[in-house]
Amino acid sequence: MKKPNILVLGNGLLGSELVRQTNWDVLSRAKDGFDITEPTTYQKMLKIEHGVVVYCPHDIIINCIANTDTYSKDMDSHWAVNYAGVGSLIEFCNKWKVKLVHISTDYIYSDSNPSAAETTVPVHCNNWYGYTKLLGDALVQLSADDHLICRCTHKETPFQYENAWTDQRGNFDYVDRISNLIVKLIEKNKQGVYNVGTETKTMFDLAKQTKNVQPSLCPVETPNDVTLDTSKLKKGLDPFFSIAIPTYGYEGRGKEFLDANFEILNTQTFKNFEIVISDHSEDNTIKDVCTKWRNKLDIIYIKNHKGRGMISPNINNAMRHCNGDWIKVLFQDDFLYDSNSLQVQYDFINETNCHSWFMTNFYHSIDGARFERPMTPVWNDLIWTGNNTMGCPSGMTIKNENILFFDEDLNWLMDVDYYKSMFDKYGEPEILKNFTVVNRTWGNRLTDTISQDLKDREFKMLSDKYA
């Protein structure tokens, strides 16, 4: 199947992030003179030779253009961009047999029912922005021959303000996560209307993930409830497992380890999973391995420059991009035991009604071929001291719901600190006494490069925290 040619209209926050994640083509007013309200500029989307229109090279056009001056009373400007311009774009797409992906907003549900479904009719948006976006949606649904509508709200990361509202609830998220969900909808060739968002939260909850903000209340004209029913999105997109793999160069062996991991993942009898790669490497060798396998495996690749050389920022970045119901942590040099490893974990979750986290039996291996030192994880109350009777985080699987993240100030004791934090929140983990993971113990692991001074500092940190 030919890879579609995709064009993004608009280079605002969302449009720019879509292009950053995909390298799709982009056309904007500021850089290219494209104006959705002026159909004469639509020729910029066509292939023209010797003054004659030859064809439209795009299979999909993503409309990220909108008048988002939410509470402006200038009806004409909202109407021109959010409704009339959308009508002109629909005519263009129908004529050239192009699929239209139209980016809408959760504000069309303002003052509607909580957890509104795609079929919910808004009672009163109370602003021209909401009205014209709703009318634009209806026009796409009625007139576009092939379309996808994504209703969402996205925020810049880190959060840009000093205060955040505690009384506005919704399914909004940072632009990278929302963009990732839209990309997946497009790649899976979804059609129709989708509410696009993550877990329900307040704006304050979202803001404090990336910034130390002060709580405040939203203005009276701002809707308190813009929650969405995202069950259609989850059913259409979300895998059961997300395999979160933090990667880096491993002194040149990183691509070898990752390729071996993909080999085993490709043989899994349980197929409903995605792989999320957060890449700390300084070259493109990891990305090249992901490109090699992307036609066989569902891979989300993110280049990560934050905290290079530290484990925690990289695994946290992978976890933040996970869409599955459960997150299976898997360090790059470790690997699943056999082709039934995910099926065994899936069965365990369902049979035990596990609701938060579990650890699994694991082997050790020096060369990736011979397995030795079988271990069953055992909890001990002094695990934070470094007495790690639980094993590597590769043996851990957690529910993807209000997840905890690894302490990014820790490198050596990041695993035992995390286990202690999970214990304090959820209690002891369930133990799956099947072997599903192999912990590679070759001599150049990142943890083997940590100095004694750093180990002493981290031990003192955890002593101050837990003793």
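**View A. Glu49, a partly exposed residue in a strand.** Glu49 is partly exposed because its relative accessible area is 40%, and the cut-offs put buried under 20%, exposed over 50% and partly exposed in between (1.4 Å probe, protein chains only). Glu49 sits in strand E3 (residues 47-49); helices (H or I, at least four residues) and strands (E, at least two) are DSSP runs, numbered from the N terminus. Go looking for Gly309 and you'll find it 260 residues away in sequence and 51 Å away in space, C-alpha to C-alpha. A word on the model: it's a predicted one, where local features need pLDDT of at least 70 and side-chain atom pairs count only at pLDDT 80 or more, while totals for chains, interfaces and linings use all residues. Residues are numbered from 1 along each chain as its sequence is written, and side-chain values use heavy atoms, with hydrogens and water left out.

**View B. The largest nonpolar core.** This core has 33 residues, and the ones touching the most other members are Phe241, Ile243, Phe262, Ile275 and Ile277. Here, a nonpolar core is a set of buried Ala, Val, Leu, Ile, Met, Phe, Trp, Tyr and Cys residues joined through side-chain atoms within 4.5 Å. Elements giving it two or more residues include strand E16 (241-247), helix H8 (254-266), strand E17 (273-279) and helix H11 (341-352). Apart from it lies another core, this one of 32 residues, with Ile315, Trp384, Met396 and Tyr418 among them.

**View C. Zooming in on Ile243.** Setting aside neighbours within four places in sequence, Ile243 is in contact (heavy atoms within 4.5 Å) with residues including Leu265, Phe273, Ile275, Lys328 and Leu342.

View D. Arg20 and Glu17 pair up through their side chains at 2.8 Å, N to O; a salt bridge means a side-chain nitrogen of Lys or Arg within 4 Å of a carboxyl oxygen of Asp or Glu. Both partners lie in helix H1 (residues 13-22), 3 residues apart, or about one turn of the helix. Glu17 counts as buried because its relative accessibility is 10%. By this rule the model has 19 salt bridges.

**View E. Arg29 meets Asp35.** These two side chains form a salt bridge at 3.4 Å, N to O. Arg29 is exposed, at 59% relative accessibility, whereas Asp35 is buried, at 10%.

**View F. A salt-bridge network.** Asp173 and Arg177 form a salt bridge at 3.4 Å, N to O, and both are buried. Through shared partners, salt bridges link Asp173, Arg177, Glu199 and Lys201 into one network.
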